[in-house]
Amino acid sequence: MIEAVNRQRKRKIDTRAWETFAEQAASAIGHKESSATIAFVSDKAIRQLNRQFRGVDKATDVLSFPAEDETNLGDIAISVETAAAQAKENGLTFEGEVAQLILHGLLHLSGYDHETDNGEMNRLELRLRKKLGI
């Protein structure tokens with residue numbers, strides 16, 4: 001089960017719809033029975049998390065916090081403000097950008113790391129985007 005929570009006030013978020021999408025994405029990755037939490041946050045909140053956990057003092061689009069549990073993948077934080085700005089920059093809808101960020105975060109929770117895997121995560125993410133219609 002995926003739980004989505006809205007912890008920001010800049011934009012209305014349909015948490016139920018994102019839970020449904022995230023469950024489809026997790027299933028496509030191979031985690032049909034796993035749980036995770038997705039928090040929609042502000043740039044200020046994600047900047048604090050990024051500074052605290054990665055030592056990077058700036059806002060980012062998505063952060064993943066893997067759990068060491070077979071059934072709970074972990075937590076994902078998504079900055080709504082950064083997602084909206086990136087969507088505009090890339091000619092995407094806000095929903096399309098968030099769908100990509102959720103998929104990206106779930107792949108990180110599944111153990112993939114695009115910084116060290118010679119493109120494996122990126123190739124899988126592109127295939128899954130097609131499969132999921134994003």
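How many bridges join S1 to strand S2 (residues 35–41), and do these strands run parallel or antiparallel? Five bridges join them, and the two strands run parallel. The model is predicted.

Start with the sheet. Strands of a sheet pair through backbone hydrogen bonds, either parallel or antiparallel. Here four strands form an open sheet, and their order is S1-S2-S4-S3. The pairing is mixed. Strand S1 (2–6) and S3 are the edge strands, each pairing on one side only. From one strand to the next, the twist averages 15°.

Now look along the S1 and S2 pair. Alanine 4 stands opposite isoleucine 38 in S2. Valine 5 has alanine 39 as its bridge partner in S2. From S1 the chain crosses through H1 to S2, and this β-α-β crossover is left-handed. In a regular strand the side chains alternate between the two faces of the sheet.

Helix H1 (residues 15–29) lies across S1 and S2. H1 runs at about 145° to S1. H2 lies across S2, S3 and strand S4 (72–79). The angle between H2 and S3 is about 50°.

H2 also brings us to the salt bridges. The count for the model comes to four. Aspartate 57 forms one of them with arginine 47, where the closest N and O atoms are 2.9 Å apart. Aspartate 57 lies in the loop between helix H2 (43–54) and strand S3 (62–66), while arginine 47 lies in helix H2, so the pair ties together parts that are 10 residues apart in sequence. Arginine 51 forms a salt bridge with aspartate 57 too, and there the closest N and O atoms are 2.6 Å apart.

Arginine 47 is partly exposed at 37%. Arginine 51 is partly exposed as well, at 40%.

The side chains of glutamate 125 and arginine 129 meet at 3.2 Å, N to O. Both residues lie in helix H5 (residues 120–132), four residues apart, about one turn of the helix. An α-helix has 3.6 residues a turn, so residues three or four places apart point the same way. What of their accessibility? Glutamate 125 has 5% relative accessibility; buried means under 20%, so glutamate 125 counts as buried. Arginine 129, at 21% relative accessibility, counts as partly exposed.

Last comes H4. Which span should the 16 residues of helix H4 (residues 94–109) have, at 1.5 Å a residue? They should span 22 Å. The end C-alpha atoms of H4 are 22 Å apart, which agrees. H4 is mostly covered, with 14 of its 16 residues buried. Just after H4 comes glycine 111, which takes a positive phi of about 100°.

Notes: Residues are numbered from 1 along each chain as its sequence is written. This is a predicted model: local features need pLDDT of at least 70, side-chain atom pairs count only at pLDDT 80 or more; totals for chains, interfaces and linings use all residues. Side-chain values use heavy atoms; hydrogens and water are left out. Buried means under 20% relative accessible area, exposed over 50%, partly exposed in between (1.4 Å probe, protein chains only). The expected span of a helix is 1.5 Å times one less than its number of residues. Two strands pair if DSSP finds at least two bridges between them. Axes are lines fitted to C-alpha atoms, for helices over the stretch in contact, and angles run from 0 to 180 degrees between N-to-C directions. Contact means heavy atoms within 4.5 Å. A crossover is right-handed if, with the strands pointing away from the viewer, the path from the first strand over the helix to the second runs clockwise.
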